[in-house]
Amino acid sequence: MTADAQFLITYLTEVEALAEDLLADKHQMVALDRKRNSNREALRAVQGGAAAEKTWVCFGNMFIKIPRSKTRQMIKNDQEQLESEMTRIRRELKVKLNRLNEAQGKPELKGFDLAPLSREEMLAINKVIKE
């Protein structure tokens, strides 16, 4: 095999691996979003009623009756974990996309890594505008 053919195979393999990794993360984001929406529905379902009242909760393939307050707290903790995982994946997606673009010889996306202003920054801007 010639050096050009070997280079082309190596290049295409690298680009394909980067693209597959990017797609896997996107699929994981969709799965996490579905779970987050299911949790949101479950949280709404257990909102009513007294905190001491018990409700049925499914863990794997068994049902357990636990207090509503404990159920709400467990769902909220799960939501926080999902949010942090989704934030981590979003942050990594930007880096992986830049790596893929770099491997393909495309320019880096401009403005793709922007972050929103914090509450303190917005308050400072509003204060300056009002003066």
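Q: What does partly exposed mean for a residue in this predicted model?
A: A residue is buried under 20% relative accessible area and exposed over 50%, and partly exposed is the range in between.

Q: Why is glutamate 16 called partly exposed?
A: Its relative accessible area is 47%. That value lies between the limits of 20% and 50%, so glutamate 16 is partly exposed. The residue belongs to helix H1, which covers residues 3-45. From glutamate 16 to alanine 5 there are 11 residues in sequence and 16 Å in space, C-alpha to C-alpha.

Q: Why does valine 15 count as buried?
A: Valine 15 has a relative accessibility of 12%, which is under the 20% limit, so it counts as buried. Valine 15 is also part of helix H1.

Q: What makes the contact of aspartate 25 and lysine 96 a salt bridge?
A: The cut-off is a side-chain nitrogen of Lys or Arg within 4 Å of a carboxyl oxygen of Asp or Glu. Here the N to O distance is 2.5 Å, so the pair of aspartate 25 and lysine 96 qualifies. The pair joins distant parts of the chain, with aspartate 25 in helix H1 and lysine 96 in helix H2 (residues 68-104), 71 residues apart. Both aspartate 25 and lysine 96 are buried.

Q: Which residues are linked with Asp25 in a network of salt bridges?
A: The network links Asp25 with Asp21 and Lys96. In the whole structure, a search finds eight salt bridges.

Q: How do you know that arginine 36 and aspartate 33 meet in a salt bridge?
A: Their side chains come to 2.5 Å, N to O, and this is within the 4 Å cut-off, so the contact counts as a salt bridge. Both residues lie in helix H1, three residues apart, or about one turn of the helix. An α-helix has 3.6 residues a turn, so residues three or four places apart point the same way.

Q: Are arginine 36 and aspartate 33 buried or partly exposed?
A: Arginine 36 has a relative accessible area of 14%, under 20%, so it is buried. Aspartate 33 has 26%, between 20% and 50%, so it is partly exposed.

Q: What makes arginine 88 and glutamate 85 a salt bridge?
A: The distance from N to O is 2.4 Å, within 4 Å, so this pair qualifies too. Arginine 88 and glutamate 85 are about one helical turn apart because they are three residues apart in helix H2. Arginine 88 is at 30% relative accessibility, and this puts it in the partly exposed range. Glutamate 85, at 25%, also counts as partly exposed.

Q: How does the reach of H2 compare with the span expected?
A: H2 has 37 residues and spans 53 Å from its first C-alpha to its last, close to the 54 Å expected at 1.5 Å a residue. Glycine 105 follows H2 and has a positive phi, near 80 degrees.

Q: Where does UniProt place the feature "coiled-coil region"?
A: The unreviewed UniProt entry places it at residues 72-106. In the model, the chain over residues 72-106 is 94% helix and 0% strand, with its end C-alpha atoms 47 Å apart.

Q: What makes H3 hardly covered?
A: The count of buried residues among its 12 residues is zero. Buried requires under 20% relative accessible area, so none of the residues of H3 falls under that limit. Helix H3 covers residues 119-130 and reaches 16 Å, close to the 16 Å expected.

Q: Why is serine 118 called partly exposed?
A: Its relative accessible area of 29% lies between 20% and 50%, so the term applies. Serine 118 sits in the loop between H2 and H3. Its C-alpha atom and that of methionine 86, 32 residues apart along the chain, are separated by 19 Å.

Q: Which elements give two or more residues to the lining of the largest pocket, and which gives the most?
A: The largest pocket has a volume of about 160 Å³. Its contributing elements of this kind are H1, strand E1 (54-59) and H2. H2 gives the most, with four residues. Among the lining residues are Ser38, Val57, Phe59 and Asp78. By class, the lining has five nonpolar, three polar and one charged residues.

Definitions and conventions
Residues numbered from 1 in each chain as written. Predicted model: local features only at pLDDT ≥ 70, side-chain atom pairs only at ≥ 80, totals over all residues. Heavy atoms only, no water. Buried < 20%, exposed > 50% of the residue type's maximum accessible area, 1.4 Å probe, protein only. UniProt positions renumbered as here; feature names shortened; annotations may be inferred. Expected span 1.5 Å × (residues − 1). 1 Å grid on protein atoms, 1.4 Å probe; cavity = no way out; pocket = protein on both sides within 12 Å on 5 of 7 lines; lining within 4 Å. Points joined across faces, edges and corners; volume = space filled by probe spheres on them. Nonpolar A, V, L, I, M, F, W, Y, C, P; charged D, E, K, R; others polar.
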